[in-house]
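This report is meant for a reader who is meeting the structure for the first time. Please look over the sequence and the model before reading on.

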Amino acid sequence: VNAVNLPNTGSFTWDTSTISAGDYFVCATLKYGYCERSDCSDGKLTINHRPSLEITKPSVEGESAYGNYIIRWNSNDSDGDPLVTNLFYDTDRDPASMEVIRLGIRGVNEQLWAIRTLNHGDSAYIYVEVSDGINPPIGLYSPGKITYYIPGYDCVFDSDCAPNEQCIDWY
């Protein structure tokens, strides 16, 4: 990475996103007229990139879950660091109200969620958080919600019909 025409003192921020992970010396060259002097840092700068993350299931609004639901995501660390995944659900995309599904998942990109905490007909977003233990974790909400249905759920029926009338009310 080259930075030219910098002032004699100050700081400089490099975009290291396109630099391969590894350890690097930082070197500076001062040119003044026909004179040139270079010096490198005593220590090394370590570059390590954040993992990437994509939620693949649920993918769209309106997916249904009947008792259990398989959550899927793609995560990758270009530096080869081991990844740890945490899963949450959230009904309103307010991080303060997220609830844990499972923490500390390693080595897989899917998780069966045995749903026990949502009521019949409730909807929720899935939030996936991935960390390589070096960079700040990266987290994403699913693009759509899942709606939970309890298999064999008994609907409540109430009718105010007089005898011999044909009417049904449901709630």
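L6 counts as partly exposed, at 43% relative accessibility, and L6 is found in the segment before β1. Together with F12, W14, Y24, V26 and L45, L6 makes a nonpolar surface patch of about 480 Å². As in the rest of this report, these values are computed from a predicted model.

N8 also has its place in the segment before β1, a strand that covers residues 22–32. With a relative accessible area of 77%, N8 is exposed. Although N8 and L30 are 22 residues apart in sequence, their C-alpha atoms are 9.2 Å apart in space.

## The chain as a whole

The protein chain has 11 strands and 0 helices, and from the N terminus on its elements run β-β-β-β-β-β-β-β-β-β-β. Of the 171 residues in the protein chain, 27% count as buried, while the chain exposes about 12000 Å², with carbon and sulfur atoms supplying 49% of that area. Among contacts between residues at least 6 apart in sequence, 57% join residues at least 24 apart.

## The largest nonpolar core

The largest nonpolar core holds 20 residues, and of these I71, W113, I115, I126 and V128 touch the most other members. The elements that give two or more residues to this core are β3, β5 (68–76), β6, β7, β9 (123–131) and β11 (146–149). Its largest share, 4 residues, comes from β9.

Which residues does I126 contact, leaving aside its neighbours within four places in sequence? I126 is in contact with I55, P58, I71, F88, Y89, I101, W113, L140, Y141, S142 and I146.

The peptide bond that joins K57 and P58 is cis, with omega about 10°. R93 is a residue other than glycine, and its phi has a positive value, near 60°. At 38% relative accessibility, R93 counts as partly exposed.

## Salt bridges

Side chains of opposite charge can pair when their charged atoms come close. In this model the count comes to 2 salt bridges. One of them is formed by the side chains of R72 and E110, at 2.9 Å from N to O. This pair links distant parts of the chain, since R72 lies in strand β5 and E110 lies in strand β8 (residues 110–114), 38 residues apart. R72 is partly exposed, with a relative accessible area of 33%, and E110 likewise counts as partly exposed, at 39% relative accessibility.

In the other salt bridge, the side chains of E36 and K31 meet at 3.9 Å from N to O. What is the relative accessible area of E36, and is E36 buried or exposed? E36 is exposed, with a relative accessible area of 54%, and K31 is exposed as well, with a relative accessible area of 60%.

Key: Residues are numbered from 1 along each chain as its sequence is written. This is a predicted model: local features need pLDDT of at least 70, side-chain atom pairs count only at pLDDT 80 or more; totals for chains, interfaces and linings use all residues. Side-chain values use heavy atoms; hydrogens and water are left out. Buried means under 20% relative accessible area, exposed over 50%, partly exposed in between (1.4 Å probe, protein chains only). A nonpolar core is a set of buried Ala, Val, Leu, Ile, Met, Phe, Trp, Tyr and Cys residues joined through side-chain atoms within 4.5 Å. Contact means heavy atoms within 4.5 Å. A salt bridge is a side-chain nitrogen of Lys or Arg within 4 Å of a carboxyl oxygen of Asp or Glu. Patches are made of residues with over 30% relative accessible area and no salt bridge: like charges are joined within 9 Å, nonpolar side chains (Val, Leu, Ile, Met, Phe, Trp, Tyr) within 5 Å. Accessible areas come from the Shrake-Rupley method with a 1.4 Å probe; for residues, only the protein chains shown count as cover.
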